[in-house]
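Please load the model in your viewer and keep the selection panel handy. We will go from one stop to the next, with a short note on what to select each time.

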Amino acid sequence: MYLRASTSLSRITANANRRSPAVVKRRDYSDNADSAKRGLVVGVYSDDSGNNVKLTPAADQINQESGGAILKALKIGNGFMKKGKSRLLFNTNLKYGTIAVVGIGKEELDDKENSDGIDAKKENIRIATANGCRSLVDCGIQNIFVSAMSDSESAAEGSTLGTWKFQEYKNKKDEIPKISLFEDTYSDGWCRGIIKSNAQNWSRKLTESASNHMTPTVFSKEVQDVLGKLGVNVIVRDKCWAEEKKMGGLLNVAKGSTQPLSFLEINYSGGPKNDKPVVLVGKGVTFDSGGISIKPSAAMGEMRADMMGAANVVAAISAIAELKLPINVIGLTPLCENMPSSSALKPGDVIVAMNGKSIQVDNTDAEGRLILADALCYAATFKPKITIDLATLTGAMVVAIGEAATGVFSSSNIPWAAIESAGYYTGDRMWRFPLWNYYSSLIKGYSGFDLDNIGKGKGGGACTAAAFLKEFAPPGDWMHMDIAGVMKSKGTDGLYISSGMSGKPTRALVQFISNLSEKT
């Protein structure tokens, strides 16, 4: 299922658009190489206070090779090594000019310490490796070796996510560090971590891109280029096709912009031909002004990332393809801009979705659910095993739980438990919200049309949005993931992801599908 020892990792870094750190599998220095240009990240365990330090096997090896330099340095600080912090050692080792010693917390954690919605041990390693790599980059080191620290997958994720930066429009770009696994032994976990993190970094790149450089047309072209090289079939649908399918939601949202709409249909066939696919649907509003119901000007520029649902879908499929998971996956991304103009959708307009249901549009800034409604209707034609839609859908989700987690609405307990487990593994918190009939009643019961796009009553906006989407979801298991709260990182939650667009929860989505593929 995963890459094996004979598999080259060159494909992982082939796509320059991702601007992720270059990654190699083994140490590749020679006797004549300049050790001053090489850095190493090794970890040490400590208790919550930063005391009772214990070296990991890699740190112990380097300590011995360096004449006890690591322990000597720690003694200078009274043996203190705080979790997540790094300490630099210079010119203590013949092979590595600079060594970053990082604190990874306790060696063993109890259930209470792992009760924060994520696997704390994995998260500690991600944070430590990210900070260790950054400290080396700050010293001008561009050839970095990272020890596995008992979990090579998490070490790869922290290193790759932590050193990525968006610099597409800079005249002079910073050099990208080359990151390698310190241990000579081949590691499937390291390869998985690199693949999943590169996918998340691609999602970050797509969502950070300025909206004039990431229109529906440009987005579609980049996806075709990247996924096409991985053998994934990408079909780009246009306005005429949407008209044939009677996609009133997508057509009406898009008509306010001069940029043509696009609808991507992505087909990854990794499982038996007759197996039902997992269908992933991603909201792809490449810029959301709010339309006639225009947003406040403050931070409106961030709405270039209102296509993060679509970005996560295509990025997840890129990782699924590189991992060669034995499962069939369909990706659907309706793409358009939401702009005010003389031709734009107006508050009070009534439109008709693909399934024939009429919708009064009370607020044109509740446009994501309109384009997703048509995409969910189209998803039903594939008779999916499960349908999952992702969208930066509501500010109400941020009000409800802040930026701590992805809000999940699930029609069944089993997929909910599976996505919660996947998020726990990857460090992406999930929190379940209700799909009660109460919320459905708020968008129904009108005499002149079937549904209202924001409904009656006050509060619970994320829940009424989910209830709206439920009216269009295919039969069977369905989950709606509202990722508005996790759209941005402030560089403090999940310290391995710098401030800016987060790309969350791409890795959790990949992990969910990976786990599902093992059961089929």
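In this tour, buried means under 20% relative accessible area, exposed means over 50%, and partly exposed lies in between (1.4 Å probe, protein chains only). The model is a predicted one: local features need pLDDT of at least 70, side-chain atom pairs count only at pLDDT 80 or more, and totals for chains, interfaces and linings use all residues. Residues are numbered from 1 along each chain as its sequence is written, and side-chain values use heavy atoms, with hydrogens and water left out.

**Stop 1**

Select C336, which is buried at 0% relative accessibility. The disulfide count for the model is zero.

**Stop 2: the largest pocket**

Select K295, L393, T394, G395 and A396, the residues nearest the centre of the largest pocket, which has 32 lining residues. A pocket here is an open set of points on a 1 Å grid over the protein atoms alone, where a 1.4 Å probe fits, with protein on both sides within 12 Å along at least five of seven lines; lining residues have an atom within 4 Å of a point. Its volume is about 720 Å³, taken as the space filled by probe spheres set on the points, which are joined across faces, edges and corners.

Next, colour α10 (368-379), α11 (395-401) and α14 (461-470), the elements that give two or more residues to this lining. Helices are DSSP runs (H or I, at least four residues), numbered from the N terminus. Which element gives the most to the lining? That is α11, with three residues.

**Stop 3: the second largest pocket**

Move to K83, G105, A120, N124 and I127, the closest to the centre among the 19 residues lining the second largest pocket. This pocket has a volume of about 390 Å³.

Stay on N124, in helix α3 (residues 120-138). Is N124 buried or exposed? N124 is buried, at 10% relative accessible area. Leaving aside residues up to four places away in sequence, N124 touches K83, I104, G105 and L109, where contact means heavy atoms within 4.5 Å.

Note on methods:
Disulfide = S-S within 2.5 Å.
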